[in-house]
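Biologist: Good morning. Could we go through this structure together, one topic at a time?

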Amino acid sequence: MAINRQYRTVISIIILCSLTSLAQAGEGKLLATPGVTQVEGSGGGGIVPWATLAGYASRDEQAVSAFATRVSVDDYRLDVWGAAINLYDRAEISFAHQNFYLKRSSAEIRQDIAGLKFRIAGDLVYSTWPQLSVGFQHKMLEDDAIANAVGAKNTNSGTDFYLVASKLHLGAIGGYNALWSLAGRATKANQLGLLGFGGDEEDGYSFQAEASAAILLSRQWAVGMEYRQKPDNLSFAEEQDWIDIFIAYLPNKHINVTLAHADLGDIAGADDQNGTYLSITGYLW
Amino acid sequence: MPSFIYILLTRPFITAVKGSKRVAALFLALSLSACATQSGDASLYQSLGEEAGIKNIVARLIYEIGDDPVIRPYFEETDLDRFHEKLSEQICEVSGGPCEYSGDSMVDVHTKMNVSESDFNRLVDLLITAMNHYKIPHPVQNQLLARLTPMRKDIIYK
């Protein structure tokens with residue numbers, strides 16, 4: 001535990017040092033086009049990563065953002081905070097800390113996630129083809145008791161890999177801008193990794209599809225929905241796909257707020273977990 | 001359009017698309033967003049207020065440029081009357097109006113200016129501000145932007 005704390009402190013210091021060394025603020029993208037921050041700390045929608053990188057940095061700029069998210073469903077609550085650095089609209093380095101509370105037993109599962117994403121090609125708005133990115137999320141589980149109890153094969157860490165394509169179509173639906181994003185993820189993680197990695201039913205990587213669709217009602221407001229397919233590695237309880245509908249308010253290039261209704265299906269034996277998702281991202285540099 | 005949002009926001013939608021239907025519903029949403037609805041050519045020109053409306057927007061854009069510390073330097077040597085005339089003509093043409101752009105090519109105009117991606121987007125923001133000033137509806141703005149953005153590749157980093 002002490003080692004984990006130190007680890008976290010080191011990561012925080014690295015992020016802070018990077019913050020102070022950054023010179024030019026990134027505001028070179030159009031309002032709302034970087035999207036928001038997803039629950040594992042990557043730039044994206046709310047529950048799935050997009051090909052866009054967190055922050056408004058153009059190819060000549062850098063950007064730093066910080067976020068906080070709460071997802072509260074019937075029997076669980078997930079609190080997440082973290083930060084991301086965008087280097088020249090080419091690379092995104094992200095860090096997220098998750099606190100997962102079991103409301104019934106007041107137990108807690110904590111996890112750190114380090115993420116890296118590279119834009120391979122394209123521009124969300126301007127290229128004919130979608131923007132294409134690859135990334136990974138390395139998940140380090142701090143509290144492994146519950147993961148052990150449910151039969152996870154690995155209760156220390158796991159890494160997800162994803163490839164994602166996103167595109168914004170100007171004026172596509174009755175003059176309103178429309179966005180879609182499709183991702184494929186290779187993962188072993190049970191419930192994001194909070195219940196460990198791999199299980200008695202499936203121990204290897206499985207391929208999962210993730211998708212978002214949104215309409216921008218104005219420069220500041222967007223509504224949409226998301227879908228995230230989930231692996232089902234543990235025999236003790238079924239893991240189900242996630243879905244949400246969201247409304248996001250992006251008043252300027254410094255802050256945005258997203259409210260969603262999330263349906264996370266059955267989680268660790270608790271049926272039909274529905275609830276509210278609230279997330280705020282601030283763009284510091 | 002409003003009905004689509006209504007469906008999106010109603011709770012029954014979630015329960016209706018559970019299970020195997022989820023993916024199908026999502027792909028329906030995706031294909032909806034993928035099919036660009038192009039309005040008839042002249043209608044965009046009319047929505048922008050035809051010749052007079054477009055000239056007003058461009059005049060306001062020039063005013064906004066004059067007020068902007070980043071974009072203004074690009075226009076220090078520019079003949080603003082000519083810029084007003086040629087850009088109005090260009091917007092008239094791409095919006096389906098009865099005009100033909102008679103200015104220089106976008107590449108020629110922007111060569112050696114080294115316009116950055118960031119400054120290009122900043123100019124887009126100024127154009128949006130100018131259209132907001134004349135209360136051009138949001139969907140009309142997007143349709144004009146959609147027709148102007150193919151020129152970006154001939155403008156930035158030249």
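Biologist: What is the mean pLDDT of chain B?

Modeller: Please keep in mind that this is a predicted model. For chain B the mean pLDDT is 84, and 74% of the residues in that chain reach 70 or more.

Biologist: Where in chain B does pLDDT stay under 50?

Modeller: One such stretch is residues 1-20, for which the model has 28 contacts beyond four places in sequence. Over residues 33-40 of chain B the pLDDT is below 50 as well, and that stretch has 15 contacts beyond near neighbours in sequence.

Biologist: Now the helices. At what angle do H8 and H9 of chain B pack?

Modeller: The angle is about 145 degrees, and the axes lie 11 Å apart. H8 of chain B covers residues 117-133, while H9 of chain B covers residues 138-148. Their crossing is right-handed.

Biologist: Which residues meet there?

Modeller: From H8(B) there are B:Val124, B:Leu127, B:Ile128, B:Met131 and B:Asn132; from H9(B) there are B:Gln141, B:Leu144, B:Leu145 and B:Leu148. Sorted by class, this contact has seven nonpolar residues, two polar ones and no charged ones.

Biologist: Let us turn to chain A. How many helices and strands does chain A have?

Modeller: Chain A has two helices and 14 strands. Of its 285 residues, 63% are buried.

Biologist: And how much accessible surface does chain A have?

Modeller: It comes to about 10200 Å², and carbon and sulfur atoms account for 60% of that surface.

Biologist: Last one: among contacts in chain A between residues at least 6 apart in sequence, what share joins residues at least 24 apart?

Modeller: That share is 60%.

Definitions and conventions:
Residues are numbered from 1 along each chain as its sequence is written. Chains are lettered from A and ligands numbered from 1 in the order in which they are written. This is a predicted model: local features need pLDDT of at least 70, side-chain atom pairs count only at pLDDT 80 or more; totals for chains, interfaces and linings use all residues. Side-chain values use heavy atoms; hydrogens and water are left out. pLDDT is the predictor's confidence in each residue, from 0 to 100. Contact means heavy atoms within 4.5 Å. Axes are lines fitted to C-alpha atoms, for helices over the stretch in contact, and angles run from 0 to 180 degrees between N-to-C directions. Helices (H or I, at least four residues) and strands (E, at least two) are DSSP runs, numbered from the N terminus. A crossing is left-handed if the near helix is turned anticlockwise from the far one by less than a right angle, and right-handed if clockwise. Ala, Val, Leu, Ile, Met, Phe, Trp, Tyr, Cys and Pro count as nonpolar, Asp, Glu, Lys and Arg as charged, and the others, Gly among them, as polar. Buried means under 20% relative accessible area, exposed over 50%, partly exposed in between (1.4 Å probe, protein chains only). Accessible areas come from the Shrake-Rupley method with a 1.4 Å probe; for residues, only the protein chains shown count as cover.
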